[in-house]
Amino acid sequence: MSGTPQASGSQPTGGLSEAIRGAAIPSLAGVAYELSGLAWVLGGAAALTALAALAGDAELVSDAVGSGLPIPGPAGAAALFLVALPLLLVCARVGGGAARLSIHNQPDGAQRTTLLRAWAEGKTLQTSAAAVWIQIFGMMACGTFVLLGPLVLLTALVGQDALGPFGVILSGLALVLTLAYAAELGALHQLALASLVRHERGVGSAVLHGWRLMRGRPGQVRRLAAMEFFVRAIVLAAAGLASYLAGAPWGLAQLAVLASLVGSARCRAWSTVYPQLGGLSATTGPPQG
């Protein structure tokens with residue numbers, strides 16, 4: 001891999017503290033960046049919905065996985081897709097613009113990333129950022145189907161009660177592997193986007209470059225992936241709890257509030273970590289205006 005890695009001994013905590021100091025909190029651009037990172041979440045949900053449709057029983061899939069998560073039916077999934085598609089295009093543009101702006105912003109926050117600046121900067125990135133999102137979505141959907149599909153099939157054939165403790169072990173192992181895969185894809189998504197906004201490269205090249213960076217610093221990337229996964233899981237869990245207790249509108253409001261608080265810091269954190277992992281400097285200059 002070409003390029004000279006910077007600060008190879010750096011720890012994620014340094015980049016995190018710098019990111020928090022320079023982040024715009026709260027931030028509408030941060031909301032878009034946060035929502036654009038949900039490709040692996042929706043990919044997993046799509047795979048579970050497909051498994052439920054094939055099995056003809058959403059409750060069976062939920063019991064087999066052992067997660068207790070509600071799985072929407074085909075009609076609900078189609079409605080969600082129709083809502084998510086235009087939102088994806090908007091978030092891809094704003095999130096990509098925020099990622100590009102974070103390259104040149106200084107830790108003192110002299111040039112904070114605003115929604116309008118991110119929207120303008122992301123004009124040329126919208127299609128590529130959306131394509132990266134779709135690629136991560138597809139990888140997570142396929143991975144979830146491969147990892148959990150055999151378990152669902154076995155449960156459908158013999159029944160949950162017949163599996164007994166063995167079924168608990170199988171579901172626990174399959175779920176851990178799926179979540180570990182999701183964490184890796186979450187990190188890959190952010191590194192691919194960081195590569196995409198710095199260089200004139202294709203979508204496949206950006207994802208491949210992100211994968212090479214992950215292989216070059218496996219220990220540090222795993223720590224970052226775990227942090228990325230757990231922070232995002234906490235945000236989603238809090239929104240889900242609010243939705244369960246007070247209704248869907250309150251859950252969406254909770255998601256927007258938390259995303260506005262952590263999205264900008266997450267964006268700057270990955271921008272800071274990218275060169276530490278060996279990524280090359282940006283070939284594009286600082287944005288004008």
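This is a predicted model: local features need pLDDT of at least 70, side-chain atom pairs count only at pLDDT 80 or more; totals for chains, interfaces and linings use all residues.

The dialogue below takes up helices, cores, salt bridges and a pocket in turn.

Trainee: What percentage of the residues count as buried?

Mentor: Buried means under 20% relative accessible area, exposed over 50%, and partly exposed in between, with a 1.4 Å probe and protein chains only. By that rule, 45% of the 289 residues of the protein count as buried. Contact, in turn, means heavy atoms within 4.5 Å. Among contacts between residues at least 6 apart in sequence, 82% join residues at least 24 apart.

Trainee: How is a nonpolar core read, and which residues have the most contacts inside the largest one?

Mentor: In soluble globular proteins, nonpolar side chains tend to be buried together. A nonpolar core is a set of buried Ala, Val, Leu, Ile, Met, Phe, Trp, Tyr and Cys residues joined through side-chain atoms within 4.5 Å. The largest core in this model has 46 residues, and Val-132, Leu-191 and Leu-193 have the most contacts inside it. Helices that each supply at least two residues of this core include H2 (28–36), H5 (74–104) and H8 (160–198). H8 provides the largest share of this core, 11 residues. As for Leu-193, its contacts are Tyr-33, Gly-95, Gly-96, Ala-99 and Ala-129, not counting residues up to four places away in sequence. Apart from this core lies another, of 12 residues, including Leu-51, Leu-60, Val-61 and Leu-151.

Trainee: How many salt bridges does the structure hold?

Mentor: Side chains of opposite charge can pair when their charged atoms come close. A salt bridge is a side-chain nitrogen of Lys or Arg within 4 Å of a carboxyl oxygen of Asp or Glu. The structure holds five salt bridges.

Trainee: With which residue does Glu-34 form a salt bridge whose closest N and O atoms are 3.4 Å apart?

Mentor: That partner of Glu-34 is Arg-232. Glu-34 lies in helix H2 and Arg-232 in helix H10, so the pair ties together parts that are 198 residues apart in sequence. Glu-34 also forms a salt bridge with Arg-266, the closest N and O atoms being 2.8 Å apart. Arg-266 lies in helix H11, so this second pair ties together parts that are 232 residues apart in sequence.

Trainee: Are Glu-34 and Arg-232 buried or exposed?

Mentor: Glu-34 is buried, with a relative accessible area of 2%, and Arg-232 is buried at 1%. Arg-266 counts as buried at 8%.

Trainee: What other residue does Arg-232 meet in a salt bridge?

Mentor: The side chains of Arg-232 and Glu-228 meet in a salt bridge (2.7 Å, N to O). Both lie in helix H10, four residues apart, about one turn of the helix. Salt bridges that share partners join Glu-34, Glu-228, Arg-232 and Arg-266 into one network.

Trainee: Finally, how is a pocket read, and how many residues line the largest one?

Mentor: Rolling a probe the size of a water molecule over the atoms shows where empty space is left. On a 1 Å grid over the protein atoms alone, where a 1.4 Å probe fits, a pocket is an open set of points with protein on both sides within 12 Å along at least five of seven lines; lining residues have an atom within 4 Å of a point. The largest pocket is lined by 50 residues, and Val-41, Leu-42, Ala-45, Leu-80 and Leu-236 lie nearest its centre. H5 gives the most to this lining, with nine residues.

Conventions. Residues are numbered from 1 along each chain as its sequence is written. Side-chain values use heavy atoms; hydrogens and water are left out.
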